[in-house]
Amino acid sequence: MLLFDRRTFLLSAVALAGCGFQPTYGPNGSGSALHGAIRVDTSGNREAYVLANKLEDIFARPATPTYALTFDVDTDEAAVGITPEQEITRYHVTGKAKYSLVNIADGQTVASGEVNSFTAYSATGSTVSSVTATRDAYDRLMEILADQMAAQIHAKVAVPR
């Protein structure tokens, strides 16, 4: 049986410190440097609005932005739970967002990429509960995509300190 060993933990901590690891939200981390520096541009549907709001929660709404973040979100829904009576009981929702972070001053693309994830919801119950479950699933998906997008941006953008 493998037990946790303090020596392993201490050696891991020393190795991690030696590789230049720096917490994103620590002092002088890229997370604090990007806080209040990104303007999130949005257009379109409810999902894009929810995604933009979550990104603004992560990066904070800027007074004078340095970067502009644009994105395009696409979702798809498929029935996955079907009873013998051919009634759908569960839906699987997938989402993909392509993003681009541009320096406003010179128009150069600083970071770009694509994130994707999925979630699901139950289609059983009343009409109201089904509508609520659908909306909640899409909101959860947009929050997941926003978290992934923010993580990628923090990893890609080296902000001078």
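Two strands are taken as paired if DSSP finds at least two bridges between them. The model used throughout is predicted.

**Exercise 1.** Determine how many bridges join β1 to β2, and whether the two strands run parallel or antiparallel.

*Solution.* Three bridges join β1 to strand β2, residues 67–82. The pairing criterion asks for at least two bridges, so β1 and β2 count as paired. The two strands run parallel.

**Exercise 2.** Give the strand order of the open sheet, and identify its edge strands.

*Solution.* The sheet has four strands in the order β1-β2-β3-β4, and its pairing is mixed. Pairing on one side only identifies the edge strands, namely β1 (38–40) and β4 (109–122). From one strand to the next, the twist averages 25°.

**Exercise 3.** Describe the packing of α3 and α4 by angle and axis separation, then classify the arrangement as parallel, perpendicular or oblique.

*Solution.* Helix α3 (residues 46–59) packs with helix α4 (residues 127–156) at an angle of about 45°, the axes being 8 Å apart. Roughly parallel requires an angle under 35 degrees and roughly perpendicular 65 to 115; α3 is therefore oblique to α4. The crossing of the two helices is right-handed. Among the contact residues are Val50, Leu51 and Leu55 of α3, together with Met142, Leu145 and Ala146 of α4. Taken by type, the residues of this contact comprise twelve nonpolar, one polar and seven charged.

**Exercise 4.** Decide whether Ser100 is buried or exposed, and do likewise for Arg61.

*Solution.* Ser100 lies in strand β3. Its relative accessible area is 19%; the limit for buried is under 20%, so Ser100 is buried. Apart from neighbours within four places in sequence, Ser100 is in contact with Ala68, Leu69, Thr70, Thr109, Ala111 and Ser112. Arg61 is placed in the loop between α3 and β2. With a relative accessible area of 62%, Arg61 is exposed, the limit being over 50%. The C-alpha atoms of Arg61 and His35 are separated by 8.4 Å, although these residues are 26 residues apart along the chain.

Key. Residues are numbered from 1 along each chain as its sequence is written. This is a predicted model: local features need pLDDT of at least 70, side-chain atom pairs count only at pLDDT 80 or more; totals for chains, interfaces and linings use all residues. Side-chain values use heavy atoms; hydrogens and water are left out. Axes are lines fitted to C-alpha atoms, for helices over the stretch in contact, and angles run from 0 to 180 degrees between N-to-C directions. Angles under 35 degrees count as roughly parallel, over 145 as roughly antiparallel, 65 to 115 as roughly perpendicular and the rest as oblique. A crossing is left-handed if the near helix is turned anticlockwise from the far one by less than a right angle, and right-handed if clockwise. Contact means heavy atoms within 4.5 Å. Ala, Val, Leu, Ile, Met, Phe, Trp, Tyr, Cys and Pro count as nonpolar, Asp, Glu, Lys and Arg as charged, and the others, Gly among them, as polar. Buried means under 20% relative accessible area, exposed over 50%, partly exposed in between (1.4 Å probe, protein chains only).
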